[in-house]
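Subject: Structure handover and notes

Dear colleague,

Here is the structure that I promised to hand over to you, with my notes below it. Please keep it open beside the text as you read.

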Amino acid sequence: MSALPPGFITTSDVLQERLSGADVRRLELAYGNEELLYGLDVLGLAGPFSRVTPWELEDERGVRRINASGYAATPFGEMPPVITDFMQEFLRHNRAMGLPQQSTGPWRAALEANLVRLLARELPSHADSQVFFCSSGTEAIEGALKFARVWRPKAKFQISFASGYHGKTLGSLSLTPNPEYQDIFRPLVPGALTSPYGDLDALRTLIRRVGPDNVGCVVIEPIQGEGGVNIPPAGFLRGVGELCRQHGIVVIADEIQTGLGRTGHWFESAAQGLDADIITLAKPLGGGMTAVGATIVRAPIYKKMLGGLSSKRHSNTFGGGALAMAVGMKSLEYLIENDLPARSAALGEQGLARLQALQARFPKLLQAVRGQGMLFALQFQPMVGVPLPGALKELVFEATAILALRELHGAGVMANLSLSSKRTVRLTPALDMPQDVFDTMFSRVEAFVQTHPNARDLLTRTPPQVTARLAAFAASKPKKRTPSDG
């Protein structure tokens, strides 16, 4: 066997941790997404981080933090033993074909059946639905849009909602009404329309204006994640379903972040009274260890797109791969056997109550808090209280959340930004986080709030050299900024 050429990094180098943190950052800055990583490095958030427990990470200085980041894609924490042990068992004993693209596969067959059975428990109309697997949430949305297009081929429009987020591939991006991500890629897929989230009358008016026969689908998140954990008014989703059913419009429920227990329900859309025609899943299905996306589709719609000789009209190279399907099955088993949606609901009530108490005590820092299950949002007051012109106002709003993220990090909690809500930071802890770790996490959030009683403290407590580097970075990289959320 030949040796690797000089300068190549071996797998042993990484496994045995011979790369220092400085080495990792240098390589990432040289060969990866330099701009993103530079900004994180300025903030002291770039890592690398090592797993201590599934719920705690450690930096190169040995500082431990509770991980409530991961954008809901790590439902059981980092490298959870329930998944890693199973993966080792799979690798030792599995004999099924790894990528059964032109044959049946036992792991894919089993996960298809289990997902449909799980959905049919909540929505019996889906008892004969069918599943298409892919490798990500945005791919699941792309597939859903194609199913809807074939079902209503003469319809010219697709409707999504303000502050929504469905992904960044071209079709899903077209339904993510955020100029910051859309504008440079125009022209996008034609026919994308936007309606105010939570306003059923506005949706009804929009459909009437363009003509119901011209609307192919409505795509909706039952709770907007990237929008800042926006929870719609009671009855809104049910009303969307009834309105679309009246006109034969396909309803796509984007459950990529909310599905499989995160919000305290198996399917948040079903819990809110929506019987969608297509449901998309991803994040938790991979157990934080593999990439799995799924599009669950009513049988007539599925067969119209993939029937007969058209069955290869839509395909995915790695979708349905044995390892991904096996991990998806194990994730689903663990969620069911431990009734993690119910646990998520119970812990969510505790966490939201603590956040609400903090917001009442410190309104000059926290403008609002929101939560449903293990999905929490802290919306901050602007750290500069005086009125500012448009672009500068948006920059200050964005900086507010970035500095809040940094200060939370310093308090020992790793959190998420919200891509469509500039002043909002989210917590998406593992659904099986132990009670004592969960309590400690909120105690650290409370300590952070108590030491920053006013939003301006986010700025004044940031070292001047960090502020200067961030300002220089922002000034050197002008971009179209999205209208703010307040």
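This is a predicted model: local features need pLDDT of at least 70, side-chain atom pairs count only at pLDDT 80 or more; totals for chains, interfaces and linings use all residues.

Residues are numbered from 1 along each chain as its sequence is written, and side-chain values use heavy atoms, with hydrogens and water left out.

**The cores**

I begin with the nonpolar cores, a nonpolar core being a set of buried Ala, Val, Leu, Ile, Met, Phe, Trp, Tyr and Cys residues joined through side-chain atoms within 4.5 Å; buried means under 20% relative accessible area, exposed over 50%, and partly exposed in between, with a 1.4 Å probe and protein chains only. The largest nonpolar core has 92 residues, and those touching the most other members are L115, L260, F267, F380, L427 and V445. Apart from it lies another core of 20 residues, which includes V150, L175, I278 and M305. If residues up to four places away in sequence are left out, F267 is in contact (heavy atoms within 4.5 Å) with L118, L119, E122, E255, L260, I279 and L281.

**Two helices**

Helices (H or I, at least four residues) and strands (E, at least two) are DSSP runs, numbered from the N terminus.

Helix α13, with 16 residues, reaches 22 Å from its first C-alpha to its last, close to the expected 22 Å. Among its buried residues are M325, V327, M329, L332 and Y334, and what covers the buried residues of α13 includes α4 (81–93), α5, β4 and α14. Just after α13, D339 takes a positive phi of about 45°.

**Strand β7 and V218**

Where does V218 sit? The place of V218 is in strand β7, residues 215–220, and six of the six residues of this strand are buried. V218 itself has a relative accessible area of 0%, so it counts as buried. Leaving aside residues up to four places away in sequence, V218 touches I159, F161, V240, C244, I249, V250, V251 and I252.

Two strands pair if DSSP finds at least two bridges between them. Strand β5 (residues 157–161) runs parallel to β7 and is joined to it by three bridges, with Q158 opposite C217. Four bridges join β7 to strand β8 (residues 250–254), again parallel, and here V218 stands opposite V251. Between β7 and β8 the chain passes through helix α10 (residues 236–247) in a right-handed β-α-β crossover, meaning that, with the strands pointing away from the viewer, the path from the first strand over the helix to the second runs clockwise.

Four strands form an open, mixed sheet in the order β1-β2-β3-β13, whose edge strands, β1 (50–53) and β13 (413–414), each pair on one side only. Strand β3 (residues 64–67) runs parallel to β13, and I66 has V413 as its bridge partner. Helix α16 (residues 435–450) packs on this sheet, touching β3 and β13, at about 105° to β3; axes are lines fitted to C-alpha atoms, for helices over the stretch in contact, and angles run from 0 to 180 degrees between N-to-C directions.

An antiparallel open sheet has its four strands in the order β11-β12-β15-β14. Each of β11 (366–371) and β14 has a single partner strand, so one side of each is left without a neighbour in the sheet. Helix α14 (residues 340–361) packs on this sheet, touching β11 and β12 (376–380), at about 170° to β11, while α16 lies across β11, β12 and β15 at about 5° to β12.

Lastly, S418 lies in the loop between β14 (416–417) and β15 (424–427), and it is buried, with a relative accessible area of 7%. Apart from neighbours within four places in sequence, S418 is in contact with G225, E226, G228, T424 and R426.

With best wishes

Terms used
The expected span of a helix is 1.5 Å times one less than its number of residues.
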